[in-house]
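Please open the structure in your viewer and follow the stops below in order. Each stop says what to select and what is there.

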Amino acid sequence: MEKGRALMRWTAILVTFVMASFLMGSPAVFGVKTPPQKTLERRADIIRIDSMRVFGKLTRPPVTYLHQKHTEALENKNKDCSACHLSQDNRLSTKFMRLQNTAKEEVMDIYHTNCISCHKASAADKEKSGPVVCGECHKDGAGVLSSWRPIGMDKSLHYRHTKAQADKCENCHHVYNEATKKLYYAKGKEGTCRYCHQAATEDNRISMRLASHMECVGCHRQTLAKNESAGPITCNGCHDAGQQKLIEKLKNVPRMAANQPDFVFVKKIKGNGKTTNPATRMNLVPFNHKDHETYNDTCRVCHHAELQSCVSCHTLDGAKEGDFVKLEQAMHRLNAEQSCIGCHESKQTNQSCAGCHTSFERKRQQGTSACVNCHMVPNSRVSDEVQRSEEKMEAATVLENRQAVAAVYNVEDIPQTVTIETLMNQYEPVKMPHRQIFQAMINKIDRNKLANYFHYENGTVCQGCHHNSPAAKTPPKCVSCHGRPFNEKDPFKPGLMAAYHRQCMECHKAMEINKPVSTDCTACHAKRS
Amino acid sequence: MSISRRKFLGWLGAAGLGTALSKTARAASNKRFDGYPQSSGVLFDSTRCIGCRKCEEGCNRVNELPEPDRSFSDLSVLDSERRTTAKAYTIVNRYDASSGAESPLYRKVQCNHCLEPACASVCFVRAFTKTESGAVTYDASVCVGCRYCMIACPFEIPAYEYNNAFSPRIMKCTMCHPRIIKGLLPGCVEACPTEALTYGKREELLRIGRERIRRFPERYVDHIYGENEMGGTSWLYLSGVPFKDLAMREDLGVTPAPRLTSGALSGVPIVVGLWPVLLTGIYAINKRKEKIEQQEKEQAVAAALEKAGAEAKAKMTAAMESAEQQKAKAIEAAVGKALEEAAKAAEKSASDTQAEDADKKSSEEDS
C-alpha cells in the first residue's frame, strides 16, 4: 500500500511536468495584451545621436536629442550656436564640439564631458536641466514622434533669394572641378542642389542634408549677425509644418532665367536642330514649357536629374544615362510624377475630378484615338531644314490654336430627369435630375485646361457614369449590364441596387457633396406606404 | 516504498520516450484545415460601408429577433461603441476618422465563422458545429449554458439570454445557415444597399478581395483580414485604414484556437491511457525481478545448507572412518606390539628356560 502511494505521487509529478511543458510551448495561452499607446509629443527637431556608428556597432541605444529645446535654453543664457558647434573658415561644423570624427574614445568623451558638464552646471544654477546618468539619455524608444517635414527651394523662395543676393547666382550655385578639385561657378550651368548633393555623402560631394544645413543655416546666421533680416536658423523654422506656412510666398514670380524655351516639340533624338528621323514614326508632341512652369513649384519636378531635355537621357531605345527608361516610358509611365501622364493622372484626385476618376482603375482609360491629343503634328510638317526657332514658332502656333473646351452633346439632347423605377420595392422611384448633374460636372471642369483638353469626345464626360461602353448619345441603360448581385460568372460587377447606390454615393463623397447624406434614404426616394 | 535514484531515472526515461513517440503521431493527426471546400463566406469592404444599419435591420427581420430598443433608422446609436447582444446578431460601429481618412469609418460586427472555431473547441457538449456551408451553427437543445464559448471567442461575439430564466440560449450570427442552404442570401447581405457585403465562396471572395486591392492600391490596405487570422475565418474584411483603427484585433496570430490547446490535450490520452500501462508494466517487472531474486536467494541458501550438511556428513563419515582406521591401526599396533612383546618375552624365556622350554615343550607336548 505504501509502495502504491509513492508510485501515484511520482506519476502525478510527471504528468504535471509534461503538461506544463506543453503549455509553455504555446505562449498564446497566456493572452498577452499590448499596453495602450499613450499620445506622444510631435516635434520637428528630433536628432538621433548615433555618431558612434562610424566606429562600429553601438554598445548603447542612440540618444534622442531635441535640438530646438537646447537652442532655446542656450538662447536664454545669451549663448549661440558656438556653445556647441566649432567653426572652421567661418563655417560652423554640424558636428558637436568637434570638426572631425577622430577616434572612438575621443568622440565619446567629447559628448559625455560636454553634455554632462553643461547639464550639471545648469542644475547647479537651479535651472531646468538634462540628464547626467547613462540610462536617461541612452534609452530605447524615442518617446517623441517626428513631425519633421522636408523643405525645398520653390519658385517663390528662389526668387526671394535671388532678389536678396542681387542676382549673384555664384553665392550659392557651384560646380566641382575634377582636375583642380575645387568648386567654381559655371555661368549657365546652374541646377538644383540635389543634382549633385544626394542623400548620402560621397567622395567629393557632401550629402544634401549636410550641404543645406551648412550653407543655408550658415548664411542665415551671418546675415542675422549683420542685423539684417534672414531666413530661419532653428529646426522648426524650416521643418515644422506650422512654421513652413509662415514663410512668405510670392504670387507673381518672374520666370527663372535658365535659357528654357517657351514652346517646344518634345525631342525624340539627341542633338540640336534635327527633330525628325525616318525611324521615328509617331507624330510630334508640342509642349508648352512656359505654362508648365506655372503649374509646378520647382524645375526638378520634371527635370529630376539635370536641366536638360528629356531625350538627352531617355532616348528612344533607352540608354544607360537614363537608367534604360525609354522616352516612351518617361513620358507615359503612370505613378511617376516626372512623366506627362503620371503627373496629369495625379490631377484626377482634385475634388472636381475625383467624383468620376476615383472609381476608375488606375490605367490608361482612353482609346488609341486619344494619342493625337498630344501627338498632334505629323513629322512631315517639321522637316530637317526647319531651324530651331521656326520649329518653336510652329509648336507655339499649334498649341495656341488648340481649343481648351470639353466637347459635349447639345443640352437639349441630354434628358432633363431620369426616373429610376426598376428596383421599386420598399421605396418610391427616384426622379434623378439628370441634366442638372451633368451641368454641375461641366461647371466643375469649366476652367480646367487639362480636363477640357482630355474630355475631347462628345460623350467623354458622360462616361463618368455611363462607363464601360463607348461614348454615345444614347448609352445603354444601367440594367443592361447590372442585374442580380454576386454573379459567380462575373464577380466584379455589382448588382443593380449596389451599382446605383455606389455610383451616386461614391461620387458625392469624392466631390465632397454632403447633401443628400448617404444614410438619408428618403432624401432621394420616398418611403412606399 | 523506497525508490532508488536509478529506478526513478529509468522511469522518467521511459515516460519521456512515451511522449516522444506520441509526437510523431500528433504531427500526422494535426494537419492544417483550410476550411471546407466550396464553403461560403462574406467579404466586408469597409470602404463601401456607409453606416446605414440596413444590415442590422435585415438580420433582425430574417432571424425574427425581438424589436430593438431604438429603431434601426436612428443612427445616433452609432455614437457609442456597441457589441453583439442576445437581441442583435450583428451591429455596425462607427470609428471616427483617424490617420489619413477624412470621413468616419464603419465596421460591421458579427460572428466571423472561424474555420476552426474556438467556441466549438471549448464546448464539451458539441453545441457548435462548423458546417460545410461555412456557417458555425449552434444547437440550443444540447447546450448546458456554461458560456465557455463566450470566454473562448477571440472576437467577443456569442451573447447570452440572461433575461430568460428557464431556457436561456447563446445567441450569435448563424450566417443565416437555414437561408443559405436554401440558396438565399444572408439577411444582412441582401439588405446592404452598396454591396459592402459580398456573399460567395470563400476562395472566390479571397480572389475578389485581392483583385480589388490590385485595382485600387491607394484605396485599400494590402491585407484581407480573416484570410489567416485565428487560422482563417469565413467572414473576410477589406479596409482602407489599418485594421486596428477599426478596433479589430491584430494580435491574434494565425493559429486557430483549437490548436493552441491541442498540444496539451493530445497528451491526455497518452498520459491517461499509455502511462498507467507503461508504469504498471515497469512496476510489475520490478516486482517480478524482486520476487525472482528472493526465490533465487532462498534456493541458494537451501542449496548451501544442503551442501554444508552433505559436507559435514561426509566429513563425519571420513572422520569416523579415519577414526575407525586409527582405531584399527591402534588395535593392530597394539596387537603387534603385544605380539612383539610377547615374542620378545617368548624369546627371552626361551633362552632362559630352554630347559623349561623343553619342559614346557614337553609339557606342551604333554599338554
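**Stop 1: a strand pair in chain B**

Begin by selecting strand 2 (residues 91-95) of chain B together with strand 3 of chain B: the two pair in the antiparallel sense, over five bridges. The model on screen is a predicted one.

Show the residues of this pair. Opposite Leu105(B) in strand 3 of chain B stands Tyr95(B).

A residue counts as buried when 20 or more other C-beta atoms lie within 10 Å of its own. Five of the five residues of strand 3 (residues 105-109) of chain B are buried, so the strand is largely enclosed by the rest of the structure.

**Stop 2: chain B as a whole**

Select the whole of chain B. Nine helices and nine strands are found in chain B. Of its 367 residues, 29% count as buried. Among the contacts in chain B with a separation of 6 or more, 64% are between residues 24 or more positions apart.

**Stop 3: where the chains touch**

How many residues of chain A are in contact with chain B? There are 33 residues of chain A in contact with 33 residues of chain B. On the side of chain A that touches chain B, helix 1 (2-24) and helix 17 (496-510) of chain A each supply at least two residues. Helix 1 of chain A gives the largest share of that side, with 12 residues. Colour this side of chain A by class to find 19 nonpolar, eight polar and six charged residues.

**Stop 4: the domains of chain A**

The domain assignment gives domain 1 (41-146), domain 2 (155-246), domain 3 (263-401) and domain 4 (411-523) of chain A.

Keep domain 3 of chain A and domain 4 of chain A. Taken over C-alpha atoms, their centres are separated by 33 Å. The contact takes 11 residues from domain 3 of chain A and 14 residues from domain 4 of chain A. Next, select helix 12 (residues 351-357) of chain A, which gives the most to the side of domain 3 that touches domain 4, with six residues. By class, that side of domain 3 of chain A has three nonpolar, seven polar and one charged residues.

Notes
Residues numbered from 1 in each chain as written. Chains lettered and ligands numbered in written order. Predicted model: local features only at pLDDT ≥ 70, side-chain atom pairs only at ≥ 80, totals over all residues. Buried ≥ 20, exposed ≤ 12 C-beta atoms within 10 Å, placed from the backbone. Helix = DSSP H or I, 4+ residues; strand = E, 2+ residues; numbered from the N terminus. Pairing = 2+ DSSP bridges. Contact = placed C-beta atoms within 7 Å. Nonpolar A, V, L, I, M, F, W, Y, C, P; charged D, E, K, R; others polar. Domains from an automatic or database assignment.
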